[in-house]
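Let us walk through a structure in two stops. We begin at a ligand and end at the place where two chains meet.

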Amino acid sequence: MENLLLNIKDLKVSIEEKEILRGLDLSINEGEVHVIMGPNGGGKSTLAYTLMGHPSYHIESGAIEFDSELINELRADERAKKGLFLSFQYPEEISGVTVEDFLRTAKASVTGEMQGIISFKKLIKEKMELLEMKEEYATRYLNVGFSGGEKKKNEILQMSILEPKLAILDETDSGLDVDAIRIVAEGVNKIRDNKRSILVITHYNKLLDYIEPDFVHILMDGKIVKSGGKELAMEIDEQGYENIRAKYAN
Amino acid sequence: MERKKTYVEDVSRTIYDIKNKFDYRFKTDKGLTPEIIKEISKEKNEPQWMTDFRLKSLEIYYSKPMPTWGVDLTDLDIDEIIAYIRPDADMKTTWEEVPEDIKDTFERLGIPQAERESLAGVGAQYDSEVVYHNIKQELVDQGVIYTDIETALVEYEDILKEYFMKLVPPTDHKFAALHGAVWSGGSFVYVPEGVNVDIPLQSYFRLNAPGAGQFEHTLIIVEKGAKLHFIEGCSAPVYNVNNLHAGCVELFIKEDATLRYSTIENWSRNMYNLNTKRALVDKNGTIEWVSGSFGSKVSMLYPMSILKGEGARSEFTGITFASTGQHLDTGTKVVHAAPHTTSTVNSKSISKNGGYAFYRGLLKVAPGAYGCKSSVSCESLMLDNISKSDTLPIIELNNDDIDIGHEAKIGRISDEAIFYLMSRGISEEEAKAMIVRGFVEPITKELPLEYAVELNNLINIELEGTIG
Ligand SMILES: Nc1ncnc2c1ncn2[C@@H]1O[C@H](COP(=O)(O)OP(=O)(O)OP(=O)(O)O)[C@@H](O)[C@H]1O
Ligand SMILES: [Mg+2]
């Protein structure tokens with residue numbers, strides 16, 4: 001029996017009075033990997049931000065249920081505590097706050113208990129090794145002066161430490177070199193189990209060589225217009241969105 | 001979840017706000033007249049030249065207009081200020097001998113404990129006079145002098161004659177003249193050639209009396225190749241009358257010498273803090289200013305470095321935190337008067353709840369001062385829409401063989417950054433505090449440890465309840 005983890009029903013979202021998501025439906029069961037693809041400006045990041053609870057994105061109607069609870073009104077920190085995680089397309093730089101201090105505080109907020117410094121240092125070191133990140137990054141200021149790829153790896157580091165139930169990866173693969181894509185994918189696969197789910201937003205198939213998706217969806221003009229399996233991603237890769245647009249766009 | 005919405009104005013100030021009974025042995029009437037000045041000088045048993053100096057300063061004071069730039073001083077009525085209050089205590093060298101209530105005040109501020117744990121010497125001033133002074137014997141044995149100015153005037157009169165208000169003359173501006181007329185208390189430090197004072201000396205200034213002024217004078221001479229870290233702390237309980245602080249700091253850094261001068265000022269919000277600080281740096285000498293301005297109603301404070309000798313260096317690290325009803329006009333001035341001198345300025349300010357933080361800086365390079373280097377960075381962070389921040393860095397270059405970097409940033413706390421942190425489970429309040437702490441981190445790490453901790457607590461408390 002499969003358990004529903006995320007259930008989005010007829011979601012309409014606007015930003016600055018402009019409607020971006022226009023009736024979006026999506027359900028993700030525990031343990032599943034879903035991929036969302038779609039043309040630029042289609043609303044993928046909007047969906048990701050809305051799921052995470054960004055205050056600028058207004059839910060006009062519809063429902064987001066996570067772990068059997070309606071979370072429309074929850075703040076971002078409350079959602080994180082419930083097990084949601086977003087790997088940002090453009091991670092913020094926070095000056096003066098080290099990766100390590102930040103992550104220790106974040107972990108404590110999510111789990112409700114502060115881990116000792118020594119054991120946390122060990123944990124972070126382990127996770128960084130897996131991601132082939134240099135140890136010194138732990139004591140650097142969060143994302144400050146990180147290269148594009150380093151920022152993305154740092155997102156995955158955060159994910160692997162916070163161990164969310166649902167991780168949304170917004171173009172985490174963009175800007176990564178081929179080796180880094182593999183390493184990041186391995187990082188993602190590590191937290192994947194039959195309880196945890198992943199929602200991958202991507203433009204490329206490369207990541208899907210490593211992370212086997214259960215479903216692929218096409219998000220266009222604020223709606224999921226087509227869903228399928230991995231073969232749908234292949235089709236897009238070869239043909240682009242024109243055919244789909246011709247069929248579904250309004 | 002319940003969120004704290006009430007903002008308690010001075011909650012962080014609890015330990016500072018405990019007022020003692022206003023006991024004194026002698027005080028002058030309010031206001032300023034030659035008679036009052038003579039009375040102060042007589043009360044202090046001063047040599048004639050000092051009495052004359054005071055009277056001359058008073059004349060200069062009368063002749064100068066109130067500054068009309070920067071801050072609003074219209075509420076400050078000097079005629080309402082009591083210029084001199086001798087506490088009911090003599091200067092002691094052990095805390096046991098200091099009267100109970102005064103001792104308790106300093107205990108609460110953690111001074112005796114800091115002395116035991118991490119300081120080489122301590123001076124404590126209460127209202128107009130120094131009530132405690134002590135320095136480690138091994139420093140005395142090396143010829144280090146640390147005492148109050150009054151004692152110095154008796155024991156080292158020649159040095160005082162040579163240096164006192166020579167760097168900041170009474171003609172400098174109205175409040176320097178006022179200081180020259182009514183100065184009292186403060187510290188005199190002399191570090192002989194080659195002596196390295198490796199743990200800091202600290203003077204703490206406490207103004208207890210309502211409606212009073214504090215005009216302490218600090219004179220530090222660091223001889224050739226010597227080294228010193230001096231910490232100055234200030235606080236006062238809050239009253240509903242205006243208090244005035246017009247201290248003066250004169251620092252002489254000789255060839256190859258280094259002085260770090262740290263100030264943490266947490267005056268109450270009825271205080272006008274109009275302080276003048278200046279350092280004269282000889283060849284290859286270094287002055288390091290570390291300055292934290294948190295309190296007062298109005299501040300005008302611009303520590304100045306005059307790099308007089310070739311290769312002299314100045315480093316300024318400052319943080320200003322302005323909240324409700326506070327207008328803090330702070331910054332620094334650097335004069336490159338010799339070739340190959342270098343300066344760095346790293347200033348940060350935070351304003352919240354209607355506070356106004358203004359950075360005012362001057363960088364001046366003399367015509368013959370070639371090959372100089374300067375880098376100035378000032379950043380302001382406003383935590384809400386009702387607070388203000390401005391920067392005015394003035395740069396005056398009189399030759400073009402100079403390497404100069406300048407950066408000024410004014411911004412509000414970023415909603416995207418808050419969201420990013422919140423998406424990792426961190427509450428909005430903690431996210432803001434984290435960003436603010438991160439913003440001041442480069443400064444905090446320069447502060448003496450106990451003050452760094454205090455600054456962080458201050459940030460936490462100040463941020464509580466700012467979330468609507
Ligand atoms: N903060 C904002 N203010 C105004 N418009 C916005 C904002 N955020 C998103 N939009 C608009 O919403 C639409 C969807 O943007 P979104 O970022 O969700 O697209 P996307 O599918 O993630 O695109 P990409 O593939 O380029 O990342 C775009 O037209 C965009 O301009
Ligand atoms: Mg996007």
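Ala, Val, Leu, Ile, Met, Phe, Trp, Tyr, Cys and Pro count as nonpolar. Asp, Glu, Lys and Arg count as charged. The others, Gly among them, count as polar. Keep in mind, too, that this is a predicted model.

Now turn to ligand 1. How do the residues of the shell around ligand 1 divide? There are 4 nonpolar, 8 polar and 4 charged residues in that shell. Of the 16 residues around the ligand, those that come nearest are Gly41(A), Lys44(A), Ser45(A), Thr46(A) and His203(A).

Which parts of the chain supply this shell? Strand E2 (18–29) of chain A gives at least two residues, and helix H1 (44–52) of chain A also gives at least two. The largest share comes from H1(A), with 3 residues.

Look next at single atoms. Lys44(A) places a polar side-chain atom 2.8 Å from an oxygen atom of ligand 1. His203(A) also uses its side chain: a polar atom there lies 2.9 Å from an oxygen atom of the ligand. Gly43(A) uses its backbone instead, with a polar atom 3.0 Å from a ligand oxygen. How much of the ligand does the protein bury? Taken alone, ligand 1 exposes 640 Å², and the protein buries 67% of that.

Move on to the second stop, where chain A and chain B touch. Chain A brings 33 residues to the contact, and chain B brings 22. The size of an interface is often given as the accessible area lost when the parts come together. Here the two chains bury about 2000 Å² between them. Carbon and sulfur atoms account for 65% of that area. On the side of chain B, Phe419(B), Tyr420(B) and Arg424(B) lose the most area to chain A. Together they make up 39% of what that side buries.

H10(B) supplies the largest share, 7 residues. The side of chain B that touches chain A divides into 10 nonpolar, 5 polar and 7 charged residues.

Terms used: Residues numbered from 1 in each chain as written. Chains lettered and ligands numbered in written order. Predicted model: local features only at pLDDT ≥ 70, side-chain atom pairs only at ≥ 80, totals over all residues. Heavy atoms only, no water. Near = heavy atom within 4 Å. Polar contact = N/O pair within 3.5 Å; in protein donor to acceptor, adjacent residues only side chain to side chain. Areas by Shrake-Rupley, 256 points an atom, 1.4 Å probe, with all protein chains shown as cover. Helix = DSSP H or I, 4+ residues; strand = E, 2+ residues; numbered from the N terminus. Contact = heavy atoms within 4.5 Å. Buried area = accessible area lost by both parts, 1.4 Å probe.
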